[in-house]
Protein chains: 2
Amino acid sequence: MLKEYDCWFQKRTITPSINVPQTVISLHDGLVSAQALKEFVSGIERLLEFKPKVQKKFEEEKSAIFLGLIAGMKLPVFEKGNLCAENCCKSKHTDSFIIKVTNSQIFIAGQNENGLLYGVFRFLSLLALGSLKEGFELCESPVSQLRMINHWDNFDGTIERGYAGNSLFYKNGQFDYDDKRIEDYARLLASTGINRVSINNVNVRHKAKLLITKEYLSRAGKLAAIFRRFGIRLFLSINFGAPWSLGKLPTADPLDSSVAQWWKERAALIYKYIPDLAGFLVKADSEGEPGPFQYNRTHADGANMLAKAVEPFGGEIVWRCFVYNCQQDWRDHNFDRARAAYDHFKPLDGAFDKNVILQIKFGPYDFQVREPVTPLFGDLTKTRHVMELQITQEYTGHQIDLCYLPWLWQDIMNFDTARGEKSRIMDLLAPYKEGQSNIEGFSAVVNVGLDNNWTGHTLAQANLYGYGRMAWNPSLTANEIAKEWTILSFGHAQPSAQKIENILLNSYPAYEKYNAPFGVCFMVTPNSHYGPNIEGYEFSRWGTYHRADKDAIGIDRTPSGTGYTSQYSQKNAALFADPQTCPENMILFFHRLRYDFVMKNGETLLQNIYDNHFEGYEQASAMMEEWESLKDLIESEVYESVLSRFQRQIANAREWRDQINTYFYRKTGICDVKGRKIFD
Amino acid sequence: MLKEYDCWFQKRTITPSINVPQTVISLHDGLVSAQALKEFVSGIERLLEFKPKVQKKFEEEKSAIFLGLIAGMKLPVFEKGNLCAENCCKSKHTDSFIIKVTNSQIFIAGQNENGLLYGVFRFLSLLALGSLKEGFELCESPVSQLRMINHWDNFDGTIERGYAGNSLFYKNGQFDYDDKRIEDYARLLASTGINRVSINNVNVRHKAKLLITKEYLSRAGKLAAIFRRFGIRLFLSINFGAPWSLGKLPTADPLDSSVAQWWKERAALIYKYIPDLAGFLVKADSEGEPGPFQYNRTHADGANMLAKAVEPFGGEIVWRCFVYNCQQDWRDHNFDRARAAYDHFKPLDGAFDKNVILQIKFGPYDFQVREPVTPLFGDLTKTRHVMELQITQEYTGHQIDLCYLPWLWQDIMNFDTARGEKSRIMDLLAPYKEGQSNIEGFSAVVNVGLDNNWTGHTLAQANLYGYGRMAWNPSLTANEIAKEWTILSFGHAQPSAQKIENILLNSYPAYEKYNAPFGVCFMVTPNSHYGPNIEGYEFSRWGTYHRADKDAIGIDRTPSGTGYTSQYSQKNAALFADPQTCPENMILFFHRLRYDFVMKNGETLLQNIYDNHFEGYEQASAMMEEWESLKDLIESEVYESVLSRFQRQIANAREWRDQINTYFYRKTGICDVKGRKIFD
């Protein structure tokens, strides 16, 4: 019986492909190690229907499962000369683990306690997937150091861009959570490798400003304690204006000594309640939030001041690079919002303290269905930074439409910054090293809420799972992750596993096709960001225009236009600036093209727009049909809930198809060459 | 010192143009008569700085002001043979009054108590305006019987489409009002002739459903008592679904006897608390409100059932005719929302009980800046009905932009329904008579709130004033009303009076010019209805499309299109169906025209659109400049508050101008023939 709530931890009795001993020998005591042991025991119960005996006493020859730290595990398999173990022990990669299976013994050992926990979860996954066999040996290190979840949860219980019910943490201006649910949530996150969670909206407004006061900190401390058992440390989002809004100082100027002192004292208070707090997450000077610009200071001034406040406690500042002019005039063709991240932050490379990490959105806009990777990546060599993704489906269908995001993330990971050798995003993932353009990890707004299935759309659980997996290892493919998730969630049974995997893999291409064409972006309903509104942002202050007229559409971002392409490496700049070499899926992000521009398939741009929109709708319909073919194979509650979302998706896809096609038909008067119906 | 709060009751010492005796002889005792006396005494104090002595004893020869009822006033001036008095006494027009000024006596007499009150207010106005002289005689009857204000106030204190602060009546789910403020409000209304007020939003949701329960009725009764002194009776908006939502019956079917019984008992309860309640105002089957359609009943079934419930208490049902398909598909060119009022209600003519009054919006859409008068007017001969206007500036600038509405209303009053002789709207205003297409009066959503100046924009007070005046006498011109209001509010001083009058009179044409062109409607921001959004409603469910393409714009509503024109009289149908005779200010409401259609001025439609939008902005700017020229002549608080609104209006007008012009330029590629800047 499939339980939506249980996600990829379904109770499902399997026939193990290896011999699993009845005894666990637990070799390390520690908070997270103890949790790892608990997870192991309950995982075995869940999958194999027996409860392993636990013993602390070391017995080298015993047929048992050995859980512990690599350094503490004096066993032959970990001896010198075993390359796998040596790499794990000695590498700078924290959180790594080793799994080794012999005919009578199983070893799961972590480089640290987190590593042990991750090893346990991976072992249980592999067991459920049926991937283990005698002699199996796996040593894994996470490529990213920072694998972070952002919550945009408000204290009133709502979630900004949340599509799965209200907040897990807050209600009516207070912390209000169910310990059991938080524990289950922490398990979901830790099982995919997440090690950091920011617990409140980056827009710190109303009561959320009080989070850094005693009353709220004591509750935050209790929340931190639950996550701590799973190796997850919290971040708090703070309001840069707090010294005056909360502290009643006359200013929040980061260079004012009383402001710096205020933050130091505040940090000391906060760390009393959450001694292992990871630090602060800050959105400053963007979309109405206060920041250093108000005082004619740089973002480095602002971030460094805060960094010094948390530095004595081992804290870090994660500083969002989402800063742009949001009061733009659509009449102005010179200003280009896409340039903002690079223009603001490239000149500050090297100006940030060593406990500041920049959090840079993957694209220059705002989590659009298709936009290029920001040119900052590959070009910051003296500043710690991570990439921000978005798991919650703000622009990708609100968890009504199915949109399997690892499909997009895979493209991002493969993007080649073309600065030096091995310069794909996935190649740059590594701990910070001055002079190298390493990316330290990932951050992403999560897609969960109080809905029983966590994510609104049950299949959107795959995005939560996929984010953690890809943050751990960005070279995992969308296919690999889909297969893993499907089997863990729905079991091995055919044809459902294969069909669900197919549905996932088809979902992103379908959504992209019926959405704004060829990376032109922002043809979406203002504010809500669901459904089409082709000119919804066309005359607004947000700087996201397509300027479609009767002949052409798009923004010229080449050197003859806004010059955005020149922010890229020479090779990429050339690639993007030429419509003949620019990747077609984002050609309208870089170019203003006539509708009769001939695309690679020999058809015009206009005809390609028509084709995509007819096809996108067809593909969405096909997904639903494929789902309907599973009616008798899937637990009915899950089947019906997903089906009802598909029905809404079809309606949405139809609006996208028809509105987009009609819009361009009205503009051009040119019919579909294949004679399909375009409404006038 | 001008006080915004005092509106057209400014304290301002004048030199009277007549001899005003020191004594008032008050000849009638009654609640409203007593209020009339109070108003007279305070009015004289306000304008002439003395307090008249009041006596009850009749002294025929005394130099005095005589206040009373016509029937009770045995004076030579009211004797038989005096045509004016006879008309007033004998006519069916209730609420009429006579004013007569001799060298030593002044007579103010009402056909009833309300008439006396209206006579007092009129006398005071005329005194302030300087229009009285010895021998002056005026006998006036209101042309409309029902002169009603609608409040769209919600119990949480917000006002739907309110732009002047929160509700005068409610806060936090409860009645919460200041008696003094309500009295001042009732005075403002009664002084212009208003005799009915509905006190809650026609969308009866949340706590407002409890208005017809004991707890709330007792507070409503106290509110009614304040209005009662000013001759104003209350309506309550009710929710048609109350029998089941409140009464827990299984249905709200109007033909179900238990439902009818429920409403009878409920009416009895309500009238215990408000014995002179005018009745219920009902919005049914529209925009999500419940109604008879849910039970396959007609609107006559629904209204008549309620009518029978209030009939024993002298109550009436005012039933809104705002019923249309609000789930329309933009792809469907056959359905036409404009047809809805006529299609729904013409077949029901004669089916309504005699205490049902239909409230019909003036136009077929929804209070647009320019739309034709609904064809129902002039064509209902067996059904009581009134016309609904909108004082609150939902589509006309939110009381940020100045938009003097009597300008529009004057056009409506002059609209000729062309069914029989004397068939202009203003000619049809008369009490109901079967077989005639009389209109009994007006209803309108008000523009007031808790703002100190009542209406947000101080000059929007003119709309509140103008509505009452025009409801009383629809043949008053916009100019006449502007002059009256300006002098009463700002005094006679030149040049300010003349300039303010000019500003008012220029405001509507300016707003119309920079808005959606030529009656095409709904190019406004969805939901908020402020500012341009040219395709904001183009693909929505509301049925209000313009379908602009590269060659043409508008909906063909002639017989070759949706046939809407055929709902009019033969003469009007022909007039509107021919683009050569159709009034140009609404030509795009009736026709789909090519941009190169040649208008009466010899220019193309497109060029006329450009011209209007350049001119509308220029005129808005000129209004602000004219206001700025009054800087030293107007009390600075008022000057600055109005100036800041003008500044916002200019910004809005600029957006309208540029977005509309750019939109059509992008569609056509055709430049302005005068070479003015259109942004691309």
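Two strands pair if DSSP finds at least two bridges between them; strands (E, at least two residues) and helices (H or I, at least four) are DSSP runs, numbered from the N terminus. The model is predicted: local features need pLDDT of at least 70, side-chain atom pairs count only at pLDDT 80 or more, and totals for chains, interfaces and linings use all residues. Residues are numbered from 1 along each chain as its sequence is written, with chains lettered from A and ligands numbered from 1 in the order in which they are written.

**Exercise 1.** Determine the strand order of the open sheet in chain B and identify its edges.

*Solution.*
1. The six strands follow the order β2-β1-β3-β5-β4-β6 in chain B, with mixed pairing.
2. β2 (53-55) and β6 (137-140) of chain B each have a single partner strand, so they stand at the edges and one side of each lacks a neighbour in the sheet.
3. β4 (residues 97-101) and β5 (residues 106-110) of chain B run antiparallel and are joined by five bridges; Ile98(B) has Ala109(B) in β5(B) as its bridge partner.

**Exercise 2.** State which strands of chain B helix α3 lies across, and its angle to β5(B).

*Solution.*
1. Axes are lines fitted to C-alpha atoms, for helices over the stretch in contact, and angles run from 0 to 180 degrees between N-to-C directions.
2. Helix α3 (residues 113-129) of chain B lies across β3, β4 and β5 of chain B, at about 140° to β5(B).

**Exercise 3.** Count the residues of each chain in the contact between chains A and B.

*Solution.*
1. Residues are in contact if their C-beta atoms, placed from the backbone, lie within 7 Å.
2. Chain B contributes 14 residues and chain A 14 residues.

Key:
Two residues are in contact if their C-beta atoms, placed from the backbone, lie within 7 Å.
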